[in-house]
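User: I'd like to learn how to read packing features in a model like this one. Could you walk me through a few, starting with the terms?

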Amino acid sequence: MGPTSQEDGSSSATSSPLQFFSMTPFSPNLGSPYPWLRELKSEERGLYLIHLLLTCANYVSLNNLENANLCLEQISQLASANGDTMQRISAYFNEALADRILKSWPGIHMALNSTKISSFSEEVIVKRYYFELCPFLKAAYLITNQAVTDAMEGEKMVHIIDLNSSEPAQWIALLHTLSSRQEGPPHLRITGIHQRREVLEQMACRLNEEAEKLDVPFQFNPIVSKLEDLDLEKIRVKTGEALAISSVFQLHSLLAFDEDIMQKKSPLQMSQKTLGELLEKDLKSSTKIDRFLSALWSLSPKLMVVAEQDSNHNGSTLMERLTEALYYYAALFDCLESSVPRTSMERITVEKMLFGEEIKNIIACEGVERKARHKKLEKWVRRLNKAGFGNVKFSYLALLQAKRLLENFGCDGYRIKEENGCVVICWQDRPLFQLSAWRFRR
């Protein structure tokens with residue numbers, strides 16, 4: 001992450017690497033409202049915010065709520081959802097740490113959240129803003145579509161299972177590509193999975209309309225279900241259909257059920273091995289993610305493309321997760337800092353309702369409630385190999401198209417690199433998202 005300057009000339013979070021910060025002792029007797037904090041320069045403020053966040057997380061871990069509260073108060077003096085990168089990200093980590101403390105008193109936490117309404121229209125707007133402001137979804141869709149096009153060359157019947165069917169733009173682009181095939185378009189069937197019926201209805205309407213315009217034989221099969229409740233045995237692949245599966249930022253949520261199973265093991269088992277060791281040893285056990293991948297494998301897909309966040313946010317301790325998440329989300333916030341004005345309501349909405357909620361889930365939640373369990377590429381490669389899938393290299397054309405998209409996005413800093421046939425999308429040198437392609441292997 002390279003430093004960027006905006007409005008007040010302050011530098012981004014990239015000038016505040018965690019490893020260069022000396023952890024000076026925290027003094028709980030500084031008083032409020034700490035007027036000296038306002039005199040800190042931008043880089044000093046960023047470093048001190050990191051120090052405060054790590055110190056606060058440590059106090060929260062120790063259940064030292066008095067000192068944690070003092071840290072939260074100081075962070076609130078410096079953080080701002082409208083400030084520079086470090087101020088903005090600190091505001092959301094501060095909120096997440098406070099939420100974790102409040103969960104210690106379930107009655108208070110429930111009372112404070114009892115009137116919150118999850119608006120479907122707001123969710124749609126946030127995803128639309130994210131799609132427009134950041135290139136990551138566009139790149140994932142482009143690479144996936146090219147992989148599908150390459151794998152399905154010559155096929156007359158193509159079936160795609162979309163594990164999160166919410167963005168018609170991806171499949172509209174594929175329809176255009178298939179319509180121009182020299183041998184003519186195949187019959188395309190998409191099984192779209194989403195927990196909201198209205199999302200699938202909108203998808204069906206848009207895709208049917210586009211397919212009709214392009215004269216592509218098309219069928220949309222909607223399945224209303226959460227991913228963890230999906231019964232893959234009900235999905236039928238017809239004779240003669242070549243199957244592709246698209247999973248964009250979905251599989252990590254199933255890892256929550258791994259921990260749930262580990263917690264149900266006997267105390268003797270848990271005392272003999274750490275949770276991490278048990279999870280590693282039990283990769284082949286009957287956990288939710290293993291059963292799900294086994295069911296996907298049994299469908300004999302010609303191609304499966306998996307896109308995931310490339311970071312380890314599934315550490316067993318709060319300090320592990322907070323440190324890793326600070327790096328990761330500082331890079332994401334820096335992306336927006338480099339290309340979108342700080343006063344942009346679209347940017348503020350994405351940061352609060354998408355990134356902020358992910359941060360809160362990573363920091364404040366535990367057990368099956370913690371869905372944002374992102375893993376590094378090598379972990380997914382191991383897991384998918386053990387599930388019986390064989391790795392498929394992305395084509396040169398897929399990589400070239402993705403590189404051009406990132407180069408033309410409007411700011412320097414986005415990178416794409418290949419790792420053993422997989423793709424990693426970076427901001428500067430920081431890996432952010434990964435894509436890998438797989439096939440059925442006996």
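Analyst: Happy to! Buried means under 20% relative accessible area, and exposed means over 50%. Keep in mind that this is a predicted model. By that cut-off, both Phe249 and Phe433 are buried.

User: How do the rings of Phe249 and Phe433 sit relative to each other, with what distance between centres and what angle between planes?

Analyst: Planes under 30 degrees apart count as stacked, over 60 as edge-to-face and the rest as tilted. For Phe249 and Phe433 the centres are 5.2 Å apart and the planes meet at 40°, so this pair is tilted. Phe249 belongs to the loop between S4 and helix H9, while Phe433 is in strand S9, 184 residues away.

User: How many aromatic pairs are there?

Analyst: The count comes to 13 aromatic pairs. One of them joins Tyr130 and Phe355, edge-to-face, with 5.9 Å from centre to centre and 85° between the planes. Because Tyr130 lies in helix H5 and Phe355 in helix H14, the pair ties together parts 225 residues apart in sequence. Tyr130 and Phe355 are both buried. Ring pairs also link a cluster whose members include Tyr130, Phe249, Phe355, Trp427 and Phe433.

User: Now strands. Which faces of S4 are covered?

Analyst: The general idea first: in a regular strand the side chains alternate between the two faces of the sheet. In S4, both faces are covered. Ala242, Ala244, Ser246 and Val248 are buried on one side, and Leu243, Ile245 and Ser247 are buried on the other.

User: Loops next. Is Arg373 buried or exposed?

Analyst: Arg373 is buried, with a relative accessible area of 1%, in the loop between helix H14 and helix H15. The side chain of Arg373 makes a polar contact of 2.8 Å with that of Asn314, and a polar atom of the Arg373 side chain lies 2.9 Å from the backbone oxygen of Gly367.

User: And Lys393, buried or exposed?

Analyst: Lys393 is exposed, at 61% relative accessible area, in the loop between strand S6 and helix H16. Leaving aside neighbours within four places in sequence, Lys393 contacts Glu418 and Gly421.

Notes: Residues are numbered from 1 along each chain as its sequence is written. This is a predicted model: local features need pLDDT of at least 70, side-chain atom pairs count only at pLDDT 80 or more; totals for chains, interfaces and linings use all residues. Side-chain values use heavy atoms; hydrogens and water are left out. Buried means under 20% relative accessible area, exposed over 50%, partly exposed in between (1.4 Å probe, protein chains only). Helices (H or I, at least four residues) and strands (E, at least two) are DSSP runs, numbered from the N terminus. Contact means heavy atoms within 4.5 Å. A polar contact is a pair of N or O atoms within 3.5 Å; within protein, one must be able to donate a hydrogen and the other to accept it, and residues adjacent in sequence count only if both atoms are side-chain atoms. Rings of Phe, Tyr and Trp (its six-membered ring) pair if their centres lie within 6.5 Å; planes under 30 degrees apart count as stacked, over 60 as edge-to-face and the rest as tilted.
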